[in-house]
Amino acid sequence: MNKLLKVALGSALAIAVSGGAALSASYQLNMSTALTTDDPTYIGLERFQELVAEKTDGEVNVRIFPGSQLGTDEDVLEQARAGANVAVIVDGGRLSEFAPELAILSAPYIVDNFSQMRQVVTSDLFETWSEKLANSSGHRILSFNWYQGQRHLITNKPIETPEDLQGVRLRTIGAPVFMETIRQMGATPTPMGWTEVYPGLQQGVIDAAEGQSPAVYGAKLHEVASYYTKTGQFFLITGLVTGDAWFQQLPDEYQTAIRDAALEAGDYASQLTEESLLVYEKKMHEESGMNIVDIDVTPFKEATESVYKDLGLTELRDQVRAVIQD
């Protein structure tokens, strides 16, 4: 199926499933995520849905579609550009195609904690990136403070150093910053949809993957992998992104209400995530015997340091660190 047809079908589905609530609301937003309904981020999206209804007196209705029902994240981004009333929760790496500065949010070991990252994504610096994205691609960021956890390695063999990843086909997100990081960690980066990772591991199409524990547990990857090694290469911060064309048709007060709701719900979801990380790790170990392994990540930090130079991110890294220091 070609890309344009996929976008058209996704947009049609978004319209078709709008449901009865849209009949009483003036505006409808169909919210897409690849995550499952028990993920803390999905629960945050439910909070976003509630807050939007409260702040707009029911004039803006949000519908949530988990499990990539409206298409892959990339498909939904295209639907949003085309003017459909859709939104998706997505990382900066995927958006860097349109605004290269956003790649820095997905760079390896860029921050130490959520507090530091929140400083960055609520700064004046980030707002300039957000406006550049809207102008260059027609995507509107509603908020970018949705922390989903640090991403670790999911393998069927022990991993202690980058040398252990030589020859390993490892699923990651198909954006340059993710691909190059995984390559410099020693593995062969292999992009595929998140819902394809379980059968990919089960059938040997890939040897390994990387992801944050709520998503790993939600996808049941602990059933088809033996080790969850805490390398923490990516501090996964994501945002709610819609189309600027749809956003600009809203009255000013609704634009403000939706952005305020997204920021508030993002903080709520991020707190749930931080509280849940160790809980999910414990569940994976208890349910399948998966080994949860802490290692010295210094060799991986050293191996991925050149990602910044190779992708032209050194200056952006310095700007981010200046925001954190301030």
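Trainee: Which loop is Tyr 109 found in?
Mentor: This is a predicted model, numbered from 1 along each chain. Helices here are DSSP runs of H or I with at least four residues, numbered from the N terminus. Tyr 109 sits in the loop between α5 (92–95) and α6 (114–121).

Trainee: And what is the phi of Tyr 109?
Mentor: Most residues other than glycine have a negative phi. Tyr 109 isn't a glycine, yet its phi is positive, at about 55 degrees.

Trainee: Does Tyr 109 count as buried or exposed?
Mentor: Go by relative accessible area: buried is under 20%, exposed is over 50%, and partly exposed lies in between (1.4 Å probe, protein chains only). Tyr 109 has 16% relative accessibility, so Tyr 109 counts as buried.

Trainee: Where is Lys 220, and what is its phi?
Mentor: Look in the loop between α10 (213–218) and β8 (227–243), a strand being a DSSP run of E with at least two residues. Lys 220 is no glycine either, and its phi is positive, at about 60 degrees.

Trainee: What relative accessible area does Lys 220 have?
Mentor: Local features like these need pLDDT of at least 70, side-chain atom pairs count only at 80 or more, totals for chains, interfaces and linings use all residues, and side-chain values use heavy atoms, without hydrogens or water. Lys 220 is partly exposed, because its relative accessible area is 45%.

Trainee: Zooming out, what share of the chain is buried?
Mentor: The chain has 15 helices and nine strands. Of its 326 residues, the share that counts as buried is 57%.
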